[in-house]
Each structure stands twice: as C-alpha cells, then as structure tokens.
Amino acid sequence: MIDFILNNQDISTDLPSGMTVLDFVRYHKNLKGTKIGCREGDCGACTVLVGTLKGDRVEYISMTSCLLALASVQGKHIVTVEGLNMEKLTPVQQAMVDESGTQCGFCTPGFVVSMSGCCLSNEKVDRPSAVKAIDGNICRCTGYRSIERAAIHVADQLAAKDLKDAIGWSVKNGFIPAYFNGIKARLQAVQPSNHQPTTSNGVTIAGGTDLYVQKHDTMHHSPVHSVFNDEELKGIRIEGDHCIIGGACTAADLMGSAEMERLLPALKAHLLLVSSTPIRNMGTVAGNFVNASPIGDLTAMFIALDSAITLKGAAGARSLKLKDLYKGYKQLDKSPDEILTSVRFSVPSKNTRFHFEKVSKRTYLDIASVNTAIRLEMNGDTIRESHVSAGGVAPIPKYLANTSAFLAGKPISRETVHSAIKVMNDEIAPISDVRGTADYKRLLLRQLFFAHFMELFPERFTLTELVA
Ligand SMILES: Cc1cc2nc3c(=O)[nH]c(=O)nc-3n(C[C@H](O)[C@H](O)[C@H](O)COP(=O)(O)OP(=O)(O)OC[C@H]3O[C@@H](n4cnc5c(N)ncnc54)[C@H](O)[C@@H]3O)c2cc1C
Ligand code: FES
Ligand code: FES
C-alpha cells in the first residue's frame, strides 16, 4: 500500500506504484482541476504542491503531477487546486481575477497552485521570486503580463508573511484552508517516505522527469522502485577534501545548498538554465547521469568537475569516473541492478576555475543544442590541470580527453585557446539533427569554448582580441 494525504483526505492505495499522481487524482479521485496539457513536464497545467515533513515543519514544493509516480509520494501531502479552494476566492485566485490573468482558464489552476506555493514556503517571497515560481507554467492566451502582475500582487501581500510559521500565517490570512494546520501531525502518523513499500523488481525511478517522457504508457500500469526519497541517496556533504552528493539530490537541492554556493558560487546561475522550477524540484543528478542523454546539463557539469560515482548492486559497491560510465549511445558501464548512490568531486581551491555554457533554442525550459563545462586548476598564469566536457557533439556526453590534456601545462593566452580549439575539433563528431547541422554544432562549441575563457579570465581577454 502507498499512504499519503491528498488535500484533506487520507489515502491508502494499492494501485500500481508507477501510476502518475495526475491520473490518480483525475481518474480515481475525480479531481479534474488538475489539467492534462502535454504529459511531458512542459506546460505546468498539472502542477501540484508536494509537502514533506522535515524536522518540525512541512515544506512544500511544486511538481508536475504528470511525471510524479505514486511510489514517490509515500508519506507526503499532495495539494491540488481543489485543496486550496475555500468559500471565498483566495488572495491568489483574486489576484488572477483582478489582473485579468485568466482567459480560457485551462492553465489557471496550474498557475494558482504554483503561486500558492509561495505562501506555503518558509522562504521570503519578493517580486522576482514570485514570478520565478511560475516559470514552469505555460499560457496560450494571456501573453503572461497579466499573470506576472498577479504574481507581483501576491508577492506584495506576502511581504508580511511570518517566516517562522508560514502555514499558520497563511491560514490566518485566508491564503489556504484551515485543515493545513493539522497536516504536520497527520504526516507524523504516516509511514515515512524513505521506508516506502515499493517493489524492488520494478524499473528504478527517481524524479521520473526522463522516464515518464520516454515510457509513459508502459510505466503507468507497472510497479516501480522509487529511490526519490531514499535517505541514503540524499544530502550534500564534505568528507576530507571531497564533496559528496547523494544520487537522489535534485537540481533544486544543488541550488539551495549553502555548501555548493560556497564551493562553486556560479553553479546556481548555471542551474537556472536547466528546465523549470517544478522540474528542478524533481530531476535528480543520478537520473541525469543514467539517462545518458548526450546533452544532459548536470552530466556535462559533473564530468568537467572530474567526478567519480558510486554504484551499488547485488555484487557490492564500486566506484568509477563519471566520464567512464558512457560506452556508446545510451550504453553504460552499469548493470541493471546497480543504483547510483552518490557522486563526488575534489573540493575546489582558490586556484580552481569552473564554468558552464549552454545554447538552446529558448534560454529557459529547453534542452541544449550544445553544452560544455570546464574546470581548470591554475598555477599562476599556467593551467596545471584541465577537464573539459561537451554535449551534443558525440553520441555520449563527451569528456574532451585530448583537449583537456593539451591545455595542461599551457599558459593562458590567445594562442593556447586557438590551438586547443584545433585539438577539440578533431575529437568531436557531431551529427545533423533537429537541433542543428553538424557544422552549426561545431561552430557553437567553438564559440562556447571562447566564452569559457572570456568568462573565467575577463582581465585577460576582450571578445575581439580572443576571437580575431
Ligand atoms: C520539461 C523538461 C525539461 C527538461 N530540461 C532539462 C534541461 O534543461 N537539462 C537537462 O539536463 N535535462 C532536462 N530535462 C531532463 C531531466 O529533467 C533530467 O535529465 C533529470 O535530471 C532526470 O532525473 P530524474 O530523477 O527525473 O530521472 P528519472 O526519469 O527518474 O530516471 C532517468 C533514468 O535514470 C535511472 N535512475 C534514476 N535514478 C537512478 C539511480 N539513483 N541509480 C540508478 N539509476 C537511476 C532511471 O532508471 C532512468 O533510466 C528536462 C525534462 C523535462 C521533462
Ligand atoms: S501535463 Fe503538461 S506539465 Fe504535466
Ligand atoms: S488562459 Fe488560456 S491557456 Fe492560459
């Protein structure tokens, strides 16, 4: 059985654990406010809030229910738009009315749920963060300005929110129904999520943001083995001179980690280029690596960090470099029973430089045409050690071994960068596809390689000097 709370109702179900929360709420609970737009995580019409008991608080984040397995919501509180409704419109719903934020109305429940997440969060909400909260929601009618005005209106009202008791404050001020006050105690009585009774012979699933897009029909009726809430695969910690990240950490976990901010200050900005808020709340590092997409953004970043992964299976645990996981298109040095439990990389020093670049058709909520990351260890003006990755230019996420080796021992100069590009061109093999021709991808990678050096050494290069 899978036990959780849906709005104000206790749920205990033995339906297939691979069924999505979207199908469960619509077809088994007749809650039709949660809409089906794309079933691929793109439109946000199916957004729900997922509350997790953490210490003495319930923390809520948004997720797309079309990609969320029932197996992953054991011990959680799921909130659909019906769970927010009261006799009167809530201030979020009223802001949408006042600002004319709804026309056909199809997207409206998703927007309302995403904005309501701002009320429940224990973080301070300002105008930019309220607008960011709806970055995973698409509207075909309004042109967004009216919805953004509604979000800003909500942010202004939330300025007075009590950050020590966001839920109590939101109930008192009519943002959410009173039953939310009792959810913490009710969740304490439900079996914790990391002990969920999922079968271990189903397909391994984490956030589901790749699996459901690729295999929705087969997953829907099957048991799955969810590692999404497995405590052993969570957490970001420093051990000796290494940073260790649990395989089930999400992109949002990386963005919210003070440790990661300290080690790699630019990472948060790089991660903003990855998908949208609800997808970052779900998509995990292990899912990104094992999916083996040649354009996975986290994969490119962690290959360049010269990371190693730990795999655990029936034969025990072993460790290998992330770059060596990839043997051919979607072929891995990994047996089906092995779980990727963690990834680790050496803690950057003051001589480390790290950078990531990505080109996609849209800046946000789009996968890359080409991406690349670089880690340099400097000794004064000389590159002591270098690791460069590139996506979209080979059948696998590519570690540019020759380029990396070439850069080691070279001074930072225009000559070094241009010579490295020649080496790089010989070790990539892009193909023409929907994301561009092979020549275009070569050109993109060259430009992004220039960008690495412009961003990392702004005092050394101007655009014209470097590229000319
Ligand atoms: C709308 C949308 C936008 C996206 N945008 C981007 C983007 O900008 N950049 C990007 O890189 N990706 C993007 N993605 C892809 C996806 O979100 C990421 O690849 C994500 O990191 C996948 O993680 P997951 O936990 O959801 O994987 P899942 O779908 O749960 O799993 C993917 C694969 O990994 C396996 N797996 C998962 N965890 C483990 C584990 N611990 N051990 C062993 N195997 C495991 C699964 O069996 C499966 O084969 C996007 C996806 C969507 C839907
Ligand atoms: S239906 Fe479009 S994101 Fe879920
Ligand atoms: S109001 Fe029609 S899709 Fe947004």
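Student: Which residue in β14 is the bridge partner of Ile-245?

Tutor: Val-343 is the partner. Keep in mind that this is a predicted model.

Student: What makes β9 and β14 a pair?

Tutor: Count the bridges. β9 and β14 have 5, in the antiparallel sense. They therefore meet the rule for a pair.

Student: Which other residue has Val-343 as its bridge partner in β14?

Tutor: Ile-309 does. That bridge belongs to the pairing of β10 (residues 308-313) with β14 (residues 339-346), which is antiparallel and has 5 bridges.

Student: How many bridges join β10 to β11?

Tutor: There are 6, and the two strands run antiparallel. Strand β11 covers residues 316-321. Gly-313 stands opposite Gly-316 in β11.

Student: What lies between β10 and β11 in their hairpin?

Tutor: The hairpin has 2 residues between its strands. β8 and β9 also form a hairpin, with 2 residues between the strands. There, Gly-240 takes a positive phi near 60°.

Student: How do you know that β8 and β9 are paired?

Tutor: Use the cut-off again: at least two bridges. β8 (residues 236-239) and β9 (residues 242-246) are joined by 4, so the test is passed. The strands run antiparallel. In β9, Ile-244 is the bridge partner of Arg-237.

Student: What holds paired strands together in general?

Tutor: Backbone hydrogen bonds do, in either a parallel or an antiparallel arrangement.

Student: What makes β1 and β5 a pair?

Tutor: They have 2 bridges, in the parallel sense. The rule asks for at least two, so β1 and β5 meet it. In β5, Ile-78 is the bridge partner of Leu-6.

Student: How do you know that the size of the chain fits a compact globule?

Tutor: Compare two values. For 468 residues, a compact globule would have a radius of gyration near 23 Å; the protein chain has 23 Å, so the two agree. The C-alpha trace spans about 70 × 55 × 45 Å along its principal axes.

Student: Into which domains is the chain divided?

Tutor: Domain 1 is 1-195 and domain 2 is 231-467. Their C-alpha centres lie 33 Å apart. In the contact between them, 14 residues of domain 1 meet 8 of domain 2. On the domain 1 side, β4 gives the largest share, 4 residues. That side has 5 nonpolar, 7 polar and 2 charged residues.

Student: Why is ligand 1 said to lie between the domains?

Tutor: Look at its shell. Domain 1 and domain 2 both give residues to it, so ligand 1 lies between them. The shell has 33 residues, and Gly-41, Ala-206, Gly-207, Gly-283 and Gly-287 come nearest.

Student: Which element gives the most to that shell?

Tutor: α13 does, with 5 residues. Elements giving two or more include β6 (203-205), α8 (211-220) and α14. By class, the shell divides into 16 nonpolar, 13 polar and 4 charged residues.

Note on methods. Residues numbered from 1 in each chain as written. Chains lettered and ligands numbered in written order. Predicted model: local features only at pLDDT ≥ 70, side-chain atom pairs only at ≥ 80, totals over all residues. Near = placed C-beta within 6 Å. Nonpolar A, V, L, I, M, F, W, Y, C, P; charged D, E, K, R; others polar. Domains from an automatic or database assignment. Rg over C-alpha atoms; globule rule 2.2 N^0.38 Å. Contact = placed C-beta atoms within 7 Å.
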